[in-house]
Every structure is written in structure tokens, then in C-alpha cells.
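Please look at the sequence and the structure shown here, and keep both in view while you read.

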Amino acid sequence: MNMNDKKYKKFRQREKRKKLNSLFQNLLLTFFVALFGFPIYWIFIGAFKEKGEFFHFPPIFWVNNFSFKNFTSALSLGGSKGVVDSLIVACIGTVLVVILALFAGYGLGRFKFGGPNLSFFVLSLLFLPPIIAVLPLFIIFRYLRIVDNYIALIWSYFLINLPFAIWLIKGFIEDLPEEIESAALVDGYSRFGAFRKVTLPLIIPGVVVSALFVFVFAWNEFLFALMFTRSNVRTLPVVLSELIGGHGIQWGELSALSLIAIIPGVILVVFFQKYLVRGLTFGAVKG
Amino acid sequence: MEVLRLENVYKNYGKNEAIKNLNFSCEEEELFVILGPSGAGKTTTLKMISGLEEVTKGKIFLKNKLVNILEPKDRNVSMVFEDYALYPHLTVYKNISSPLEAIHLPKDEIDKKIREIARVLQIEELLSRLPSMISGGQKQRTVLARSLVKKANEYLMDEPIAHLDAKLRYQMRGEFKRLQHIRKMNILYATHDFREALSLGDKVLILNKGVTQQIGTPQEIFNKPANIFVANLLGEPPTNLIEGILKAKEGQYFFEIGNISISLSKSLANELLLKINQEKLIIGIKPFDLHCYLKQKENAKILNTEVYMSEILGHYNIISIKLGNTVVKIREDKSFKVSLGEKVSVDFKEDKLDFFNAISGNRIF
């Protein structure tokens, strides 16, 4: 056997190994996609199934009789109020957080307001487990007579999300060369005018990401919603939890409402994908 | 008429004094240059005038109006930043229109002004592009257009052409002068390049570590540097500064540098003796005021010295000799060729010498 044959054999072996590796990788990926994707698929088909199909053995992995009955039933069982209330709380909370975080982030990032200590204090609030705040907040809200009111939920979501949003936007402001803003000031704009003309358009990825986070948090939040609301305000997670009753679980309605609950998140992520990547990796590549 | 005046201006950053007692004024249609190395305080000065930095102490007047506490937008100045500071999300057109939009000019008037300045600066075809899509030279023109498009009290330029390559910089320097002349602008121009300062400036202020070294016309500054810092900053290569001792021997005066002595005329020595109270001093002489001779020249000031280094720089050659510990550079014609270690004599005219105090570094005469 000469050298070339040996080399060729090695080459063949290497190629074989590569193919095996890639096959293995693909199998692994498929497994994880299935692992995480299956529950969503299960919810999806569950939403369209009829009652009897849930308890069939062997399980039915496809919908035989498509029906929208689960949706109508779920919406009438408090689902529609859940969607509306969740939208109200999440939207108002998001807008408030973003507006305040913009100004606070600008102050901290541009003028180093309060020195490094204040901005780290803001960051440290991020590590506060929400449950610690539940009891004091409940007492405050009771005295203010806003338990079971939108304000209570909006206020608490605001509190939990503000530090993160400030920190994120502050990072974006710091990344922006100060001279660009100075140029706008010399051009004849006021501080706020320069902010609107130059700074804001350039930190949009940060604004979008913080808005998304706040919205998704408020949309999914269960603990505060359960504690601070009764009948006047009922967000989706609370309504969903009530479908799991003492007498049984309403699988069809649960699936249908869960499917509705997934929709806003998916839409937002699809629409704002390009900002999301930049926003989530911010600070990773500086230069 | 006076457009800009700074009176006893100080700027401190914490304990660090960036500007110390700055005083100068700019006339109408004057191109005033602030020349200094990096860290001299040029940008700080410009930022204080534009209102981007506060003044620690002192007064700034624009058209005889005290502007210390005015916002940048109320000062009506325009500024070109060293690293352009173009708005990356706006097109070249929108970048240039920004100062006009800020004062709410009608759209058609804005358009007219932009087209005009774009034509002058030859960037008409770039108007629809984003800053990321144009070259460094084009960015520089764009930022210049943004600055010049509005009528300002004073145009502040912070090293506007420092980032361009040498060829483009040379070209822009000429255009700059022409533009200023045609549009009759009041410009305050900061640079670290003495060529820019001398070729552009009607008046030049030399700044070092926040302290004014000299103010004057380019000729004054070049011909009569106020101190060794200024002498060292100007010229390519800069003025030779040679430390030595003035000595009298048998009725004759000499300037001694190490073991080499150069004879000085009686009248010059007497004049010097009137003004100094120590024998140690520094003489300055420009490289092109020194002349090199291959053969022994009779009565040459420096005889029989060795060539220490010889550089060919295209249209001229630089010959170096060593006097004491100081390397002295001589600018000679390109036809003058010597090799290392060769013996030459060097001569100069006494009236070309500058004398500086060896301790303070200030000019004696």
C-alpha cells in the first residue's frame, strides 16, 4: 500500500466521521425541537378537539373533527375579559415603563446622574424576587383601596420591570457617541429636541426590547395578578388557572385560551425580530 | 468688528485645570487658528464657545453679548467635530438640513440652500445616501456642508481635516481657504498641524496645556517664536534649539556648546549682555537658515564637523550634525549630497538667530 492510498483511506475515514457527526447533531436537534415543540403542538390540536377525543386511548395525535366550540366556550367562561384585561394591564404598563426608563436611562447614561452608585442601586432592584414585594404591596394597595383595580397591577408590573428597562436603555445611551448629540445641540436643537431627533431613533432597538420584555412579563404574570385581583380585574393567567377546577380540568377550553395567549408574543417576536437580536446581544460586541 | 471675545477664561475638570486664563478675540471675516498638541485644550475651548461645556471662570462674548449662560441653540454658532458626528440614521441631505430645520425655515428655502452648498462642496450626487455609504473625504465635506449651510456668528472647526489622508488634506486646505474667502466667514479653527495653522490662519494662537504661548500673525509666530515651545512646534523639521554658554575671551565673544565654540559679533553680544543675567542660554535657528559646505569655507561659523545623519526627502535633503549633545538639522538642496561621517563646515547669518532664556524658555530677542 503506498502513501497516497493511506492518505485516501484517512480522508475517507474523516469524511465518514464528519457525516456521522452531522447525523448525530441533527438527531439531537430534532429531539430537542420535538421535546419543546410537542406541548405547543398538543395545545394547538387540543384547542380544536372535541371533548371525547381528550380521553381516548391510544391518544389521538391529530384532530378528527375540527371545531371552534372550545374557543367560544373559553371566551364565554371569562376568557374574553381575560384577554381584554391582560391587554389593558400589559399595554399601559409597557408604555409607562418605557417612557420613564427612557428619561431615567438618559439621565443615568448621559449625565452620570448620581454617580455609579445610583445606577448600580437601580440594577440591584432587578435581583429582588417578586414574591418579596407581594405582601407589602398588598398592604399598600389595600390602604389605597386599589386592590382588584387595574392600577394595582400596572403599578406592581411597573415596579418590577423598571430597573431592567432603565439598565438596558442606559447601556444603549452610553454606547451612543456623545458628539452626535452635541452636533444636534449646536445645530440649534434643545436638549429634548436633540434627544428626539438623534438619540431616540438610534436607541430604538433598546426601546423595542425593553418594551417587549415588559409586555411579555405583564402578559404572563400570575402571582401578582392572583394576589391583587378578585372579580373586577382578571387577567389571562388567572382565568386560565380557574379552568383547572376542583371537579375536573376543562382541557378543551384550557387549550383554546392558551393558544390565544400565545398569539401576541409570537406576533411581537416576528415583527420585531431584527431589533430583538441587536437588543439582546447589546454590549456583547463593543468597539 | 469684533465677533468673538474670551476674557480670562478658565476651565477646570475637578482639580485638573484644562484652560488657564485664556484671552483672545476674533474679528469679522477672520480665520483664527488655535494651534497646539493634543491635550492642549483646543476642543475644550471650542466646546465652551459653542456652549457644550460650561466656563469655570471668565467671560465669553459673541457679537458683544455675554453668552456664558446661554444654551448652545441660542448662541448661533456652528461646529465641525473632529470625528464628524454625522447622524448615522439620516441621509446626507437630512444631515445638512438639520440646522435649518431647527430654525424652522420653509422647506423650499431649505432645499435651495442645501442644493447650493452641495454644489459648492461637490456632494450633489451623495445627497440621498446614508453616512455609512460614503467615504471619509465625502463625510468631511458633508459635515462641512452641515456647518456652513446656516449663517452663524462664528464657525468653529475642531480639527476638521485631521482624519483625511495626506493628499486629501492638502487639497482640502486649499479649498478651505478659498471657501472662507468667498463666503466671508468668521472661522475659529483648531488644529495640531502647524502647516494648516500657517497656511490658513489670519491670526494664530498657540496653546499648550491650557496656557496661551503666543498670539500673532503666521509670519510673526514663525519668525519670532515667543518661547522654545513655539519654536519647537513650527517647521519641518522644527527650529534647532541649542543650549550653550556665552563667554568672553580676549575681547571676543563666543557661544560655547560642549567643546565647540561659535564666535559672535561684539554688537550682538553686547545686546545680549544687556538683556540677560546669566551666561547660559538657548539659541534657535531654523534648518533652512543653516548652510552646509563640503569644502572648508573661510570664516564659516562651524568648521570641520562630522555629518551625523543624512536624509533624502525628495525635494530637499536634511543633513544632521552634532553640536555637543544636540543634533542640529540643516535643510539643504536636493543636489547637496554627503555621506555619513564626512567633514563639512556650516555657516549662518547672525541675524537669523533667536535667543531664548535657558530657564524660562522665553524669547530674549
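This is a predicted model: local features need pLDDT of at least 70, side-chain atom pairs count only at pLDDT 80 or more; totals for chains, interfaces and linings use all residues.

Residues are numbered from 1 along each chain as its sequence is written, while chains are lettered from A and ligands numbered from 1 in the order in which they are written.

The mean pLDDT (the predictor's confidence in each residue, from 0 to 100) of chain B is 90, and 100% of its residues reach 70 or more. For the complex, the predictor gives an ipTM of 0.86 and a pTM of 0.84.

Two residues count as in contact if their C-beta atoms, placed from the backbone, lie within 7 Å, and 18 residues of chain B are in contact with 15 residues of chain A. On the side of chain B that touches chain A, strand E6 (77-80) and helix H2 (92-102) of chain B each supply at least two residues; helices (H or I, at least four residues) and strands (E, at least two) are DSSP runs, numbered from the N terminus.

Within chain A, helix H2 (residues 69-111) and helix H11 (residues 251-271) pack at an angle of about 55°, with their axes 8 Å apart, where axes are lines fitted to C-alpha atoms, for helices over the stretch in contact, and angles run from 0 to 180 degrees between N-to-C directions. Angles under 35 degrees count as roughly parallel, over 145 as roughly antiparallel, 65 to 115 as roughly perpendicular and the rest as oblique, and H2(A) and H11(A) are therefore oblique to each other.
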